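Here is a short report for a reader new to this structure. Please look over the sequence and the model first.

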Amino acid sequence: MNNSNPIYFVGAGPGDPELLTLKGRRLLDKADVIVYAGSLVNPALLNGLAASLHNSAGLNLDETTALLADGQRDGHKVVRLHTGDPAIYGAIKEQMLRLDELNIPYNVVPGVTSATASAAALKAELTLPEISQTVIITRQAGRTPVPEKESLQLLASHQATMMIFLSVGMIDTVVSELMAGGYPAGTPIAVVEKASWPEERTVSGTLATIGAQIKEAGITKTAMIIVGEVLANQLKSESKLYDKKFSHEYRQGS
Ligand code: SAH
């Protein structure tokens, strides 16, 4: 493989232009060609750039691949800009396999995923001692199927913290699957719409109430569903890390 002038897949972050890495910013500033996921990338990230800009929202994989490949072969600096972190529901693998076939090099620069931006909006910690030490990133099956072994109902049996992408439009199905899987009706659940954007909204409730709340708020897309006891705003115990009696590599307990 020729390793010079790689294409960069860059995570744009959840919306706030300041939630882009310095590396991502530098690559955008120097790019000649940017292909961006126009449905969710904040256009403010692209203001004033010299690069030629291509919104991928209306393009198919052949067309986006051609833009990337032609740009790179012409010696241009090419950035493929994806919302949040490219590794999560980013549809980057299919693009990378096409570039492999064409023997075109690429690198990936991570971004702030909307999952953690949503946790920040809620001021939540997703992993609390004795409550949940596991975070499940998933989605409700829709037009894109989900493997049977990963149905929401089965995943719900863990009663871990769950971050459910791409599913707010099916909130009633999500709630019934979660309850069928074992979460009690009183389990806290929150929806964050457009986390980190100026128009960000959060709605918090329980599995029993959230369906009606979401309909009332009129939230239909670009929202994260977070469910689990970690949202209850209480602790079972404090962490060992800062426990004054607990010794570890950096601190002697008393
Ligand atoms: N790669 C992206 C996810 C792309 S899939 C990431 O890491 O965030 C698109 C889904 O992500 C949306 O349906 C929604 O569930 C979620 N999403 C993207 N941006 C969001 C935001 N600013 N606030 C809340 N959810 C968001």
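## Around the ligand

The model is predicted. There are 19 residues around the ligand. Ile88, Thr113, Ser114, Ala195 and Ala223 come nearest.

Which residue places a polar backbone atom 3.0 Å from a nitrogen atom of the ligand? Pro14 does. Thr83 also uses its backbone: an N or O atom there lies 2.9 Å from a nitrogen atom of the ligand.

Thr113 uses its side chain. An N or O atom in that side chain is 2.8 Å from an oxygen atom of the ligand. On its own, the ligand has 540 Å² of accessible area, and the protein covers 94% of this.

## Two domains

The protein chain has two parts in the domain assignment. Domain 1 spans 7-112, and domain 2 spans 115-232. Their C-alpha centres lie 28 Å apart. The contact between them takes 11 residues from domain 1 and 11 residues from domain 2.

## Where the domains meet

How much area is buried between domain 1 and domain 2? The value is about 790 Å². Carbon and sulfur atoms give 72% of that area. On the side of domain 1 that touches domain 2, the residues divide into 8 nonpolar, 2 polar and 1 charged.

How many salt bridges are there between domain 1 and domain 2? The count is 0. Polar contact is present, however: 4 residue pairs between domain 1 and domain 2 make it, with both residues at pLDDT 80 or more.

Definitions and conventions. Residues numbered from 1 in each chain as written. Predicted model: local features only at pLDDT ≥ 70, side-chain atom pairs only at ≥ 80, totals over all residues. Heavy atoms only, no water. Domains from an automatic or database assignment. Contact = heavy atoms within 4.5 Å. Buried area = accessible area lost by both parts, 1.4 Å probe. Salt bridge = Lys/Arg side-chain N within 4 Å of Asp/Glu carboxyl O. Polar contact = N/O pair within 3.5 Å; in protein donor to acceptor, adjacent residues only side chain to side chain. Nonpolar A, V, L, I, M, F, W, Y, C, P; charged D, E, K, R; others polar. Near = heavy atom within 4 Å. Areas by Shrake-Rupley, 256 points an atom, 1.4 Å probe, with all protein chains shown as cover.
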